[in-house]
Amino acid sequence: MASTLLKLGPKMRRENRGSLQSDDTALVRQIRETHVPGRSHIVDVKPILHVIDEIFHRSSVGPDGGILLGAHVDSLEDRTGLLGYDVLLQGLSYLIQKIYIEIGCQCLTGADVHASTLELLRSLSNYSWEAKVVLTLAAFSIYYGEFWLVAQLCTTNSLAKPVAILKQLSDLIEHAAAVKPQLEAIDNLIKAITKVTKRIVECADMVKLQSQYISEDQPPLMTAMAHIPAAAYWAIRGILACASHISILTGGRFEYVASTTEVWELSSLAHKLNNIDEHLNNELENCRRHIVEKRYDEDYKNLIHLFQSLHLDNMKNLRALISHKDDVQPLVIGSSQVRCSLEVLRRKHVLLLITDLSLSYEEVLILEDIHKDQQSRGEIEYEFVWLPIVDAALWNEAKKGRFEDLKSRMPWYAVHDPLIIEPPVIKFIRDYWHFDKKMIIVSLDPQGRVSSANAFHMLWIWGNLAFPFSDEKENALWNAESWRLELVTDGIDPEILKWIDQGKYICLFGSEDIEWIRRFTERAKDVAKRAGIPLELVYAGRSTASKEKLWKLNKIIDAENLSRTWSDYTSTWFFWSRLDSMRCSKAKHHKTIDDDTILREVMSLLSYDGSDHGWVMLWMGSTDTVRANGHLTTSTLDDFEAWKPAAAELGFLPELKNQLKQRHEPNHCTRLIIPGFGPDIPDRVVCTECGREMEKFFMFRCCTE
């Protein structure tokens, strides 16, 4: 009997060798003719695949190419014990047993492998392609499992030993080295078959589960499905090849040693199936991308609809933004790491802090001060929620560390993981709320409606006085506002408020030129003494100066007692950031320097700051003020004796204003440096000195000092 099998085995393999060419049209037509569409029996293939995986997991070749014996196999984790497959397999066991017998008969008779594969497909004509392959693989797994069960237990089990003798497997362990190449080739082919089978099942799942996003009648799923019949054919053909070689091992008593050609044939078939797997995976990846794009498009449109609709509370909108997936606790209080559900935000005013990871520590500190102030005011109730916008494709440990660092500094809510903010949400935030790197703060009312698409500027200018942070509130605050020193400095320096009450002259100035600072402060103090006015000088730095540069300048100014300084960089940074917020807020309400005094003064100060000549702004009380660039102011103070009598008669501030106006030269070079980009950058800016439209340039800066 053994010699007959050895002759029949190569016959199947020779046929196999001639058929490893590309699937031509005739072959595909033959395969499709075996299938009867539209009348498929319904089979849940997933549980069957789980059982098959368990059989192959426990019957594969050992790590050294040898046989896993009983003790080692029993130590492997049981992955089917809790799954309860008996009920699921009822009604299919007979069919699987029938296929099992057919596989055994094909091995014994040495039938043509191509004809045998087509015959098996015809016997399963009323089953779906994935069911054909899974049922055939299940039958083979029994065949293969029995082979290994006897081989593994024959040395330890009194029942397995005589069975092994009858199956002529008793010497398998002893001769394992001789058949090692063949065992490994079979094992590799089984792995390739299993991979292709799972790809076929995945295609079927897409048809069943993703029909709202993808159709099998249109690309890319139609393209993928076109390859399924041929993939099923080659998977079943590979199963028959494996079974043929197992039958040889079962009856050969190891006088037979597999030739290199025979092992190569198994390897070639595995190679073909691996190529099929790779090709199917590429097609499926196209399908996955298509499904994701369709789902994202649906989610994006849903977001638009939600924010255009009325709701009883804010939960639908917040869930769509923050927790589209079933994340029960998507929020965390940053500084305490306490996880929270979205319920903590129900029917509350919510401020969404939308930034990337370039959010500065200074911004966090200012927000923390605002948050502390809000916590102390019982009448002002709202919640901050930080939504960091990141690129999932570029996410790494460094960015994760930066996120955790920023989050730990926040005593308010944040998403526990930036990656839960999905691409449709990011697209919506960019398209409708115009986020582009620079922080925005979107204000939502208790019903989830947008009361301000960017409350950042009003929060920066007025803090919690701007609650409930609506566009109407912002406009009302501006209508009640005037250009005054309290608006310019806010609560940055409490001493300034005291000086206002004391009737002192208050001079804010800025420059990076320490020599100019020395000259100006010396002249200013001297003129104040001669004019008999109480003067306080405050150095406000320059918006473009680095933290290190300002620290050095402040140190020199303090050491030489030139003027008062703001020792912490955050105060200087916030001073300029607030001025820029005033500019942006006014632009939002379509104000120009021609019709708005506050905007004109802000733009003038920002323009002076953009030049290299320094700037000076002198206040008497809260509202009387004059400003000019640093060089003009210094030269005017140098000639104080010439206009001292007029100053004594008209008042120091009015006469200084007259002198600056008289000495102003038409030739000038004014620069306005606006940080950032996007909607905050105006299309047109006119010069505050002469009223002409300014030229626009782009500046890129890298400052490491």
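Figure 1. The structure holds 37 aromatic pairs, a pair being two rings of Phe, Tyr or Trp (its six-membered ring) whose centres lie within 6.5 Å, with planes under 30 degrees apart counted as stacked, over 60 as edge-to-face and the rest as tilted. Phe509 is buried at 0% relative accessibility, and Trp516 is buried at 2% (buried means under 20% relative accessible area, exposed over 50%, partly exposed in between, with a 1.4 Å probe and protein chains only).

**Figure 2. The edge-to-face pair of Phe640 and Trp643.** The ring centres lie 4.9 Å apart with the planes at 90 degrees, so the pair of Phe640 and Trp643 counts as edge-to-face. Both residues belong to helix H27 (residues 640–650), where they are three residues apart and thus separated by about one helical turn; helices are DSSP runs (H or I, at least four residues), numbered from the N terminus. Phe640 is buried with a relative accessible area of 1%, and Trp643 is buried with 2%.

**Figure 3. Arginines over aromatic ring faces.** Arg409 lies over the face of Tyr361, at 3.9 Å from the ring centre, while Arg578 lies over the face of Phe574 at 5.9 Å; the criterion is NZ of Lys or CZ of Arg within 6 Å of the ring centre and within 35 degrees of the ring normal.

**Notes.** Residues are numbered from 1 along each chain as its sequence is written, and side-chain values use heavy atoms, with hydrogens and water left out. In this predicted model, local features need pLDDT of at least 70 and side-chain atom pairs count only at pLDDT 80 or more, whereas totals for chains, interfaces and linings use all residues.

Technical notes: Helices (H or I, at least four residues) and strands (E, at least two) are DSSP runs, numbered from the N terminus.
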